[in-house]
Amino acid sequence: MNFDDYLRGFDYDERKAMKIQLPEMFELYAAGKAQVIDIRFKEEYEAWHIGFGEHIPLNELPDRLDELDKGKTIVAMCPHYDRAEIARLYLTLKGFHARYLIDGMLGIVDYLRGDRAKNYMEKIR
């Protein structure tokens, strides 16, 4: 699909479908139905990262598409969501079912504290 065709078909359903919130992402990931990718720069990842997902920097994405599973929903994440939305659009145009995490990684850090972190990490192991 090219960008012109994507825009022509953009509607309220697509606007809703392109986003994902934490509870749904956690559910899909734990069920093995989602592949989560951290698209931040290498230095950001080295400074801090979460305990799940894969690191594929946004600027490396075009050369690393073979690492993505077309049978799963690809969830792109970054601290907020700006770069994740770029990744989602790119992946969508490449034929992947992709969404971006609107809560961002900072939302994950806030959400997964204490017992929630323990319980979730036990669930995905």
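This is a short tour of a predicted model, moving from the whole chain to one residue.

**Stop 1: the whole chain.** Show the chain as a cartoon and look for seven helices and five strands. Now turn the view along the principal axes: the C-alpha atoms fill a box of roughly 45 × 30 × 25 Å.

Stop 2: The accessible surface comes to about 7500 Å², and 50% of it belongs to carbon and sulfur atoms. Of the 125 residues in the chain, 39% are buried. How do the contacts run along the sequence? Taking contacts between residues at least 6 apart in sequence, 67% join residues at least 24 apart.

**Stop 3: the charges.** Next, colour the charged side chains. You will find 19 positive and 23 negative ones, with the centres of the two sets 4 Å apart.

**Stop 4: Arg83.** Select helix H5, residues 82-93, and pick out Arg83 within it. Is Arg83 buried or exposed? Arg83 counts as buried, because its relative accessibility is 19% and buried means under 20%. To see what surrounds Arg83, leave aside its neighbours within four places in sequence and select Ile39, Arg40, Phe41, Glu44, Leu58 and Cys78, which are in contact with it.

How values were computed
Residues numbered from 1 in each chain as written. Predicted model: local features only at pLDDT ≥ 70, side-chain atom pairs only at ≥ 80, totals over all residues. Heavy atoms only, no water. Helix = DSSP H or I, 4+ residues; strand = E, 2+ residues; numbered from the N terminus. Buried < 20%, exposed > 50% of the residue type's maximum accessible area, 1.4 Å probe, protein only. Contact = heavy atoms within 4.5 Å. Areas by Shrake-Rupley, 256 points an atom, 1.4 Å probe, with all protein chains shown as cover. Lys, Arg positive; Asp, Glu negative; His and termini not counted. Charge placed at Lys NZ, Arg CZ, Asp CG, Glu CD.
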